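User: I would like to learn how to read helix packing in a protein model. Please take me through one case step by step.

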Amino acid sequence: MPISTDFATALKTALATENAATAVKAMHLNGRLKEKLPEVDRLFEVPERTDFHPEGNSGEHTLLTMKGAE
């Protein structure tokens with residue numbers, strides 16, 4: 001399913017801000033990420049070894065990486 005223009009614009013805008021990770025987390029929590037980018041949303045279901053990644057899953061790890069790049 002193609003991504004709608006409104007979602008693509010919202011995502012592009014969110015990723016260009018200093019709070020990109022917060023915006024992506026909000027999209028995950030409100031279901032828009034699962035609806036529009038299920039592959040990315042599924043990262044929150046992929047467990048990480050907590051001795052290396054205490055955040056616990058790949059989605060949270062990705063958000064931390066995004067925050068580090070801000």
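Analyst: The dialogue below goes from the overall fold to one pair of helices. This is a predicted model, in which local features need pLDDT of at least 70, side-chain atom pairs count only at pLDDT 80 or more, and totals for chains, interfaces and linings use all residues. Residues are numbered from 1 along each chain as its sequence is written, and side-chain values use heavy atoms, with hydrogens and water left out.

User: How many helices and strands does the protein chain have?

Analyst: Helices (H or I, at least four residues) and strands (E, at least two) are DSSP runs, numbered from the N terminus. The protein chain has five helices and zero strands, in the pattern α-α-α-α-α along the sequence. Its C-alpha trace spans about 40 × 25 × 15 Å along the principal axes. Of its 70 residues, 23% count as buried, where buried means under 20% relative accessible area, exposed over 50% and partly exposed in between (1.4 Å probe, protein chains only).

User: At what angle do helix 2 and helix 5 pack?

Analyst: Two packed helices are described by the angle between their axes and the distance between the axes. Axes are lines fitted to C-alpha atoms, for helices over the stretch in contact, and angles run from 0 to 180 degrees between N-to-C directions. Helix 2 (residues 20-29) and helix 5 (residues 58-69) pack at about 155°, with axes 8 Å apart. Helix 2 is therefore roughly antiparallel to helix 5 (under 35 degrees counts as roughly parallel, over 145 as roughly antiparallel, 65 to 115 as roughly perpendicular and the rest as oblique).

User: Which residues of helix 2 and helix 5 meet?

Analyst: Contact means heavy atoms within 4.5 Å. A20, A21, V24 and K25 in helix 2 meet E60, L63, M66 and K67 in helix 5. These residues divide into five nonpolar, no polar and three charged (Ala, Val, Leu, Ile, Met, Phe, Trp, Tyr, Cys and Pro count as nonpolar, Asp, Glu, Lys and Arg as charged, and the others, Gly among them, as polar).

User: Which residues of helix 2 are buried, and where do they lie?

Analyst: An α-helix has 3.6 residues a turn, so residues three or four places apart point the same way. In helix 2 the buried residues are A20, A21, V24 and M27. They lie on the same side of helix 2, because they cover an arc of only 120° around the axis (taken from the directions from the helix axis to the C-beta atoms). These buried residues pack against helix 1 (5-15), helix 3 (32-36) and helix 5.

User: Which residues of helix 5 are buried?

Analyst: S58, G59 and L63 are the buried residues of helix 5. Their arc of only 145° puts them on the same side of helix 5, and they pack against helix 2.
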